[in-house]
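Dear colleague,

I am passing on a structure that you have not worked with before, and my notes on it follow. Please read them with the model open beside you.

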Amino acid sequence: MDGGKKAERPHSDVAEEDPGRQGALVDEADGNEKAPRRSKRVASLDVFRGLTVALMILVDGAGGEWPVIGHAPWNGCNLADFVMPFFLFIVGMAIPLSLKVHPVSLELSVRIPDRCRAARRVVIRTLKLLFWGILLQGGYSHAPDELTYGVDMKHVRWGGILQRIALAYLVVAVLEILTKDVKIQDQSSSGFSIFRMYFSQWIVPCCILLIYLSLVYGIYVPDWEFRVRNVDSPNYGKVLTVTCGTRGKLNPPCNAVGYIDRKVLGINHMYQKPAWRRHRACTDSSPHEGPFKDDAPAWCVAPFEPEGTLSSFSAVLSTIIGVHYGHVLVHMKSHTDRLRQWVTMGIALLVLGIILHFSHAIPLNKQLYTFSYICVTAGAAGVVFSILYFLVDILNMSYAFAPLQWIGMNAMLVYVMAAEGIFEGFLNGWYYEGTNNTLVYWVRKHVFVKVWHSTRVGILLYVLFAQILFWALVSGILHRAGLYWKL
């Protein structure tokens, strides 16, 4: 995206084309070269991206009524906890496709012809992601419920979804540019050849994991204090102290991830309503949000950044795993070989992560972005993508997933307008007599909640039809017009 919407033809973006379905064709009868085949976009990657955006809309809109799909209060992994790793996996998978060189013979050159130009493009895209991330989640926008805008720069939030994606994209894309520098043969039937081929790239995630584990288990976390900013709290304005004085803990108040964020970002620039507010130590309504217990510990009302410094550092691993899946797509031409590699790695990661969690070695924790969480979510992403690839790109069932594919091809638009509530915020600005009497409120209450006589069911159906399906149809119309909003 160049700061706004941009018209493109549906297949003009070569960033996500299947290299196994492009290039010159040779007539086997007479050996004459035919005209080059039109590139075919990897439709399953669009579907997977659309599915992830739809999941984000679902968990943000209905997670409050259905805690099983919302974020886990601390340890554990609910549906919402798969969204961020899926995004990072997709970003990683697209990187080898966007930086590839089209094959011109049996030998595939993977040298980047203009490193500076490629790096400049990566940096510009990173800056765009950071800009939109801070604008949408930094506190400036109060959509869709509050008809105000603006943020005190003393309390702007620096972390967020797009900010984490920007960091992971920058690190992994630069790594891909720097290491793509050798010529390799088509590896359609190899086992670990792609791992060997990109051995230097795997050194980086190993170093990241080693540094992350060293900091998480090695840093001493002292006592800390904060000022309560929630105006509804009886302790509003008071300075509360959290007692720690320990190291190696992965509990909410005394982990090294939060300690580093308080030092690097500053406690005023962290997320003020973390998921741990629904922790059983904080409220009797857990896993629902509810009033705090009378004896709730002080940290229940403290800020915590779920997209913070150290957790974003380890989140790079999710993107690197996605890059490996992209390498398989680039270098292997057989559907069977691709699926074998993807499914094997996906299942192996799932098993490893589950073992780490249930053996109490490393718990699944999205807030800390633990290694077991990386394994489970990346493994799930690999398995889900493999299923979609089989159905969409092999069996050609893309028609059954068309709404998700349309969302995936206009993911930024749907994310901004639906997931971040900008469109609903605009509609809420047109009210009658009172700010609670808006079109959005009326449709949700009278078309969904009252018809089903259930707030939980009504809100779920509202999100599915009035948000996800609505934006799928809008994306489909834009797709037919060849209009896409890209970074």
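Contact here means heavy atoms within 4.5 Å. This is a predicted model, in which local features need pLDDT of at least 70 and side-chain atom pairs count only at pLDDT 80 or more, while totals for chains, interfaces and linings use all residues. Residues are numbered from 1 along each chain as its sequence is written, and side-chain values use heavy atoms, with hydrogens and water left out.

Leaving aside neighbours within four places in sequence, Trp-342 is in contact with Met-93, Tyr-325, Val-328, Leu-329, Phe-385, Ser-386 and Tyr-389. Together with Ile-165, Trp-342 touches the most other members of the largest nonpolar core, which has 98 residues; such a core is a set of buried Ala, Val, Leu, Ile, Met, Phe, Trp, Tyr and Cys residues joined through side-chain atoms within 4.5 Å, and buried means under 20% relative accessible area (1.4 Å probe, protein chains only). Another core, of 25 residues, lies apart from it and includes Trp-74 and Cys-282.

Among the residues making the contact are Tyr-325 and Leu-329 of α8 and Tyr-389 of α10.

Finally, six of the eight residues of helix α11 (residues 402-409) are buried, namely Ala-402, Leu-404, Gln-405, Ile-407, Gly-408 and Met-409.

With best wishes

Key: Helices (H or I, at least four residues) and strands (E, at least two) are DSSP runs, numbered from the N terminus. Buried means under 20% relative accessible area, exposed over 50%, partly exposed in between (1.4 Å probe, protein chains only).
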